[in-house]
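Reader: Could you walk me through the strands and the aromatic rings of this one?

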Amino acid sequence: MKKTLSIIALSIIGFGLVSCKKENKETQGTETATTDSAAVAAPLTTDSAATPATGEAAAPVSNQPSTSVALSESSFDFGKIKKGDKVEHVYEITNTGKNPLIISEVKPGCGCTAPDFTKEPIMPGKKGKVTLHFDSSSFDGNVQKYADVFANVEKAPIRLTFTANIQP
């Protein structure tokens with residue numbers, strides 16, 4: 001099982017490096033590798049066998065008390081954008097649990113996507129933000145990208161996705 005996951009992870013890493021071209025690769029190279037291996041362990045469909053391993057291995061807040069969240073949306077469509085445009089979208093995350101929400105990390109699936117997120121604990125009932133910045137310079141046509149949000153929630157990571165139709 002671990003050999004299969006390793007082979008799949010390496011395949012996805014290779015695909016991720018080929019499918020995303022970024023001018024400043026030196027800042028994104030190691031992030032892409034760890035993100036893609038996290039994607040293998042936690043696919044879009046929830047697999048209860050894979051999720052705990054990812055949470056323990058990649059989420060540094062596993063020792064924090066769990067809480068629950070509600071998202072304003074987990075998917076966003078930029079629609080048609082011009083090639084080379086740099087766009088961003090803010091995903092609102094509400095702490096619906098009883099413990100402070102701590103977002104430890106946001107790992108984009110591609111070097112073309114850069115995250116910003118609320119760094120301080122989000123108290124129960126309060127809202128935080130995850131902003132994804134997308135550089136469309138290296139793409140044509142329809143694209144779908146994602147970022148995984150690691151936080152002290154039961155089913156981490158939380159996957160945020162977006163799509164865009166890139167016009168010449």
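**Strands and rings**

Author: Strand β3 (residues 86-95) pairs with β6 in the antiparallel sense over nine bridges, where strands are DSSP runs of E of at least two residues, numbered from the N terminus, just as helices are runs of H or I of at least four, and two strands pair if DSSP finds at least two bridges between them. Residues are numbered from 1 along each chain as its sequence is written. This is a predicted model, in which local features need pLDDT of at least 70, side-chain atom pairs count only at pLDDT 80 or more, and totals for chains, interfaces and linings use all residues, while side-chain values use heavy atoms, with hydrogens and water left out.

Reader: Which residue does T94 stand opposite in β6?

Author: T94 stands opposite K127.

Reader: And what order do the strands of that open sheet take?

Author: The order of the four strands is β1-β3-β6-β5, with antiparallel pairing. β1 (69-71) and β5 (113-117) are at the edges with a single partner strand each, so one side of each has no neighbour in the sheet.

Reader: Is T131 buried or exposed?

Author: T131, which lies in strand β6 (residues 127-135), counts as buried because its relative accessibility is 11%; buried means under 20% relative accessible area, exposed over 50%, and partly exposed in between, with a 1.4 Å probe and protein chains only.

Reader: Changing topic, what pairs with β8, and in which sense?

Author: Strand β2 (residues 75-82) pairs with β8 in the parallel sense over six bridges, whereas strand β7 (residues 141-151) runs antiparallel to β8 and is joined to it by nine bridges. β7 and β8 form a hairpin with six residues between them. Seven of the ten residues of strand β8 (residues 158-167) are buried, so the rest of the structure largely encloses it.

Reader: How many aromatic pairs are there?

Author: The count is four aromatic pairs, taking rings of Phe, Tyr and Trp (its six-membered ring) with centres within 6.5 Å, where planes under 30 degrees apart count as stacked, over 60 as edge-to-face and the rest as tilted. The F78 and F162 pair is edge-to-face, because the ring centres are 5.4 Å apart and the planes stand at 80 degrees. That pair links distant parts of the chain, with F78 in strand β2 and F162 in strand β8, 84 residues apart.

Reader: How is the pair of F134 and F139 oriented?

Author: F134 and F139 form a tilted pair, with 5.7 Å centre to centre and 35 degrees between the planes. F76, F78, F134, F139 and F162 form one aromatic cluster.
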